[in-house]
Amino acid sequence: MNTQYDIIIVGTGAGGSTLAHSLAPTGKKILILERGEFLVRSKDNWDPEKVFRQEIYHTNERWISKEGQEFRPGQAYLVGGNTKVFGAALLRMRKRDFGEIHYEDGISPSWPIPYDDLESHYQEAERLYFVHGERGEDPTEPPASKPFPYPKLSQEPRMQEVFNQLKGEGLKPFHLPIGVQRFEDNIPGSPCIRCNTCDGFPCLTNAKGDAERSCLIHALAHSNVTLLTGAKAEKVETNDAGTRATAIHVTRLGRSERYEAETIILSCGSINSAILLLKSSTSKHKRGLANSSGLVGRNYMCHTNSAMLAIDPFKKNPTVFQKTMAINDFYFGNPGNPIGHISLIGKATEGILKAERPLAPRFVLKWMAEHSMDWWFTTEDLPNKKNGVSLTPEGRIRLEWTPSNLKPHALLIKNFKKILWKIGFRIMLTQSMPINAVAHQVGTTVFGKDPANSVLNTECRAHDLENLYVVDGGFFPSASAVNPALTIAANALRVGDILKKKLDLKKEMTMA
């Protein structure tokens, strides 16, 4: 097999697959390395016991917390990465998120690029990932050059009733931007069947706007693009001067293999890209590759998240596809006030609740599921150098994380409970997300203009190397309070445009 390529992309999540889609038409020889395999379509995809209790789509790795406790992370090593099991809520960061914001617990720093640099890429990412929505409903939405590429999804009757009730309480609920292949003007031609197994489940009908279906399959249609699965990247090799990345060492089929490229791009997820850089230390990069700032692995962020089961004991909720509404009235707030994003999540079912609470009586879980409406609360997690990833002496991943903005997050839930009480919900059960909930991972290889205070430059190229890029969520200097997937995809398109210009310039120089 040929081991020399123009471009190597490591990882097939929202960053890697979107970038591959962008670069595939250049004709450059592109190798994509993915440690996982294609997700097998089977009835297990929709089995709550298999998905939530046995976690068959999450790694069996055991990571270490700062207290030294082992835990199994909610990390999917699959073609398509964590997007194969994400909830497909695809929101843009707010324009204000790109500037400095002061909270009680600290500062959310400004980005080295403005929102406007990503706007057109957001628009394209929304098209690629089948995002449905309605401009003008969200009170905090950023400027957009065009309407959503796909119209908002309709609300089922119980959802529409609550939507109207929340409006009556002075809130501004809006249709949640969601990435699914559901076309309500062509129901027979829609892969999405509006089932109750979307959030957290793989999609058995291949209808979810995940990275594989939205981008990777189109990149692989080009003969110059090669994908190797089961290929775990172990090390990035550099030249003797330590100025260029020259090759990726992988373990595949029980063998060690080496692949060379002119340009190397990491998109392993913010945790594993940082770990790969730390494992790639050399005599020129003793603290790890691209780590002259000492910030590789630092400033890990993953949002402060909670889930709520809100129950109206006198009214059933027969909704099937529930994830159609969100509320941003409290998104920014002020010191001492509730802060964060609220949205509906996938509909709780008896099977899902049984997987989470196996000892609970089934008749109780059945009643709860029949009467519940299910909410998700997200508050911005602030960057902190003490929060981060590193390697133990045995080579295991250590994740140190203390969440921030806990007081305004608790107040967000408290205030929303009062509103829900007014419209009939009498039982509200809330659970915060623990350290193993790593789906929203960002930070660890932050980008910036100053090499002393960032790992990557504004093009997402490592300050310390001429040809090494990182395009997963690691580049985020702040987390905002929305799912990072759309921003990761939009940034990958931005970096793709930068690389295409460089490739054209190099071609012109060669011809001259």
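**Helix H4**

The buried residues of H4 are Arg-158, Met-159, Val-162, Phe-163 and Leu-166. They lie on the same side of H4, because they cover an arc of only 140 degrees around the axis, the arc being that of the directions from the helix axis to the C-beta atoms. An α-helix has 3.6 residues a turn, so residues three or four places apart point the same way.

H4 comprises residues 157-168, and its 12 residues should span 16 Å at 1.5 Å a residue; the end C-alpha atoms are 17 Å apart, which agrees. The expected span is 1.5 Å times one less than the number of residues. After H4 comes Gly-170, whose phi is positive, near 90 degrees.

**Basis of the description**

This is a predicted model, in which local features need pLDDT of at least 70 and side-chain atom pairs count only at pLDDT 80 or more, while totals for chains, interfaces and linings use all residues. Residues are numbered from 1 along each chain as its sequence is written, and side-chain values use heavy atoms, with hydrogens and water left out.

Helices (H or I, at least four residues) and strands (E, at least two) are DSSP runs, numbered from the N terminus.

**The sheet**

Six strands form an open sheet in the order S9-S16-S17-S18-S15-S21, with antiparallel pairing (two strands pair if DSSP finds at least two bridges between them). Strands S9 (174-175) and S21 (427-432) stand at the edges; each has a single partner strand, so one side of each is left without a neighbour in the sheet. S9 pairs with S16 (residues 325-327) over two bridges, and Phe-174 has Ala-326 in S16 as its bridge partner.

The buried residues of H4 pack against S9, S16, S17, S18 and helix H9, where contact means heavy atoms within 4.5 Å.

**Nonpolar cores**

A nonpolar core is a set of buried Ala, Val, Leu, Ile, Met, Phe, Trp, Tyr and Cys residues joined through side-chain atoms within 4.5 Å. The largest has 114 residues, and Leu-33 is one of those that touch the most other members. Helix H10 (residues 485-511) supplies the largest share of this core, 10 residues. Another core, of 23 residues, lies apart from it and includes Met-159, Leu-166, Ile-419 and Met-428.

How values were computed. Buried means under 20% relative accessible area, exposed over 50%, partly exposed in between (1.4 Å probe, protein chains only).
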